[in-house]
Amino acid sequence: MEEVKPQQASLSSTIGSGSAKKQIRGSSMLLAGRAISMGLNFTVQILTVRYLSKNAYGAFTYALSIVSMSTSLSLLRLDKALARFVPIYQEKQAFQKMFGTIVMAMGTVIGIGLSITLLILGTQGILADRFIHDPLALSLLLVVILLAPFQALDSLFENLLAVFAGARAIFFRRHLLGPGLRLAAVLLVMLTGADARGLAIGYLAGGILGTAVFVLMFYQIMRQQNLLGHLKLRQLKMPAREVFSFSLPLVTTDVVVILRSSMVVVLLEYLRSTAAVAEFRAVLPVADVNLLVFESFRYLYIPLASRLYARTNTTELTQLYWKTAVWITVFSFPIFALSFSLAEPFTSFLFGERYAQSAVVLAVLALGSYLNASLGFNYHTLSVYGRVRYLVKTDIITALL
C-alpha cells in the first residue's frame, strides 16, 4: 500500500500539470474555429444589412432578439449545470446520475421552450395591440420563435460535446456548420429575391438541421466511448435538488444579459422604431469580436476546471485560471484597438453611410466587451466552486446598475 500511494500522487500530479496546456491547446483550435465562424457570420451580417431595408433589418433582428431571450429563459442555466456536474459524476463513475442529469436537463429545456413558443403564438393579437408596433416584426417573430427550443438544445449539446468529445466536435458543429447554414440561407434569399420572411424561414430550417446533427454526433460519441452500456433507463437517478439549486439562482445572470442586450432591442422598438433597432444591432456583432478569444476558451475551461475541482487540485485550477486570463487579455487587445479607435470608418465601410451614426454605439460596446473578456473566467470559476449566493448578489447589483 505504501508503494502505491506515491505512484497515485505522481499520476495525479502528471494529469494536473498538463491540464492548463491541454485546455489552451484545445481552446486554440476553438479560437481558430471561432475566427472562421466570425468571418462567416460577418459575411452574413454585411450581406443581410445591405440587402434588407433598414426597417426590414430592424424587424428581423428584433424577432431574433426575442428568440434569444426565449432561449435563455428556456435553459434555466442548465447548460452550465451540465458542464459542471456531468464531468464530476463521470469522474466519480456515478453514471446513473450522469445520464439522469442529461435526461432531466433536456426534458426541462424542451418543455419550457415549447411552452414559450405556444404562448407567443397564442397571444399574437395582444402583442400586436400593446407591445409590437411594427407588423413585419410580429410576422417574423411568429416564424423564428420556433427556433427557441432548438437553440436551447444546441446549447446543451455544445456543453456535452465539450465534456465528452473536446474541441474537434465543437469546431465542426458550432464554427463551420452553424454559420455555413446561415450563410446559405442569406445567399438563397438574395438569389431568389425573397424578403425578410424568406430569410426567417431559412434560419428556422438551418436551426432544425443543426440540432439534428448535434443529436447524431452525441449518439456516436457515446457509442465510441462505450458509455451507452452504462445507460439503464430504469435505474436513472435525477439529482434535481442538487442540479437546480445550482442552476436556478444563476438565472439572474441571464436576466442581466437580457437587460443589456435583448431588452435594449425590445425597448428601442417600443419607444422608437425598427430603424433604431437596426442602428444598434448592426454594430453589435462587431463589438462582440472582442469576446472572440474569451468565448473560444470558455467551452473547454468549465469541464476541465470541474474535473480539477473534483480532484481537489486547487493549485492546478489556480494556474489554469491565470494562464487563460493572460492569454485572453493579450490576444483580445488588437481587436479592441481596432474596433474602438476606428469605430467610425469601420462602421461606414461595412454597412454604408446610412449606419454612420452607429459608430459611437460600436465604440462603447467594444470597450465594455474588452473589459469583460480581460477579467478572465472569474464568474465561471466561482460557479465551479458552487459559490452561487455570491454570484446571485453580483448579478442583482449588476442588473440594478
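Predicted model: local features only at pLDDT ≥ 70, side-chain atom pairs only at ≥ 80, totals over all residues.

Colleague: How much of the chain is buried?

Modeller: Buried residues make up 52% of the 401 residues. Buried means under 20% relative accessible area. The accessible surface of the chain is about 18900 Å², and carbon and sulfur atoms hold 65% of that area.

Colleague: How far apart in sequence are the residues that contacts join?

Modeller: Take contacts between residues at least 6 apart in sequence. Of these, 86% join residues at least 24 apart.

Colleague: How many positive and negative side chains are there?

Modeller: There are 34 positive and 19 negative side chains. The centres of the two sets lie 8 Å apart.

Colleague: Which residues touch the most other members of the largest nonpolar core?

Modeller: Tyr62, Ile120 and Tyr203 do, in a core of 59 residues. Helix H3, residues 54–75, gives the most to this core, with 10 residues. Beyond four places in sequence, Ile120 touches Ile66, Ser70, Leu127, Leu141, Leu142 and Ile145.

Colleague: Which residues does the second core include?

Modeller: Phe99, Met104, Met222 and Tyr379 are among them. The second core is separate and has 43 residues. Membership needs buried nonpolar residues joined through side-chain atoms within 4.5 Å.

Colleague: What makes helix H7 mostly covered?

Modeller: Count its buried residues. H7 spans residues 135–144, and seven of its 10 residues are buried. They are Ala137, Leu138, Leu140, Leu141, Leu142, Val143 and Val144.

Colleague: Which helices do the buried residues of H7 pack against?

Modeller: They pack against H3, H5 (95–122), H6 (124–131), H8 (147–164) and H10 (196–224).

Colleague: Why is Phe280 called buried?

Modeller: Its relative accessible area is 11%. The cut-off is under 20%, so Phe280 counts as buried. Phe280 is in helix H14, residues 274–287.

Colleague: Which residues does Phe280 touch?

Modeller: Leaving out residues up to four places away in sequence, Phe280 touches Ser261, Val264, Val265, Leu268, Val361 and Leu365. Phe280 and Leu365 are 85 residues apart in sequence, yet 10.0 Å apart in space, C-alpha to C-alpha.

Colleague: Why is Leu191 called exposed?

Modeller: Exposed means over 50% relative accessible area. Leu191 has 76%, so Leu191 counts as exposed. Leu191 is in helix H9, residues 167–192. Leu191 and Val326 are 135 residues apart in sequence and 45 Å apart in space, C-alpha to C-alpha.

Colleague: Is Arg77 buried or exposed?

Modeller: Buried. The relative accessible area of Arg77 is 9%, against a limit of under 20%.

Colleague: And Gln93, buried or exposed?

Modeller: Exposed. The relative accessibility of Gln93 is 59%, and exposed means over 50%. Gln93 lies in the loop between H4 and H5. Phi of Gln93 is also positive, near 60 degrees.

Colleague: Which residues of helix H17 are buried?

Modeller: H17 covers residues 343–351, and its buried residues are Ala343, Thr347, Ser348, Leu350 and Phe351. Gly352 follows H17 and has a positive phi, near 95 degrees.

Colleague: How do you know that Ser358 counts as buried?

Modeller: Its relative accessibility is 1%. Buried means under 20%, so Ser358 counts as buried. Ser358 is in the loop between H17 and helix H18 (359–374). Neighbours within four places aside, Ser358 is in contact with Glu279, Val283 and Thr347. Thr347 is itself one of the buried residues of H17.

Technical notes. Residues numbered from 1 in each chain as written. Heavy atoms only, no water. Buried < 20%, exposed > 50% of the residue type's maximum accessible area, 1.4 Å probe, protein only. Contact = heavy atoms within 4.5 Å. Areas by Shrake-Rupley, 256 points an atom, 1.4 Å probe, with all protein chains shown as cover. Lys, Arg positive; Asp, Glu negative; His and termini not counted. Charge placed at Lys NZ, Arg CZ, Asp CG, Glu CD. Helix = DSSP H or I, 4+ residues; strand = E, 2+ residues; numbered from the N terminus.
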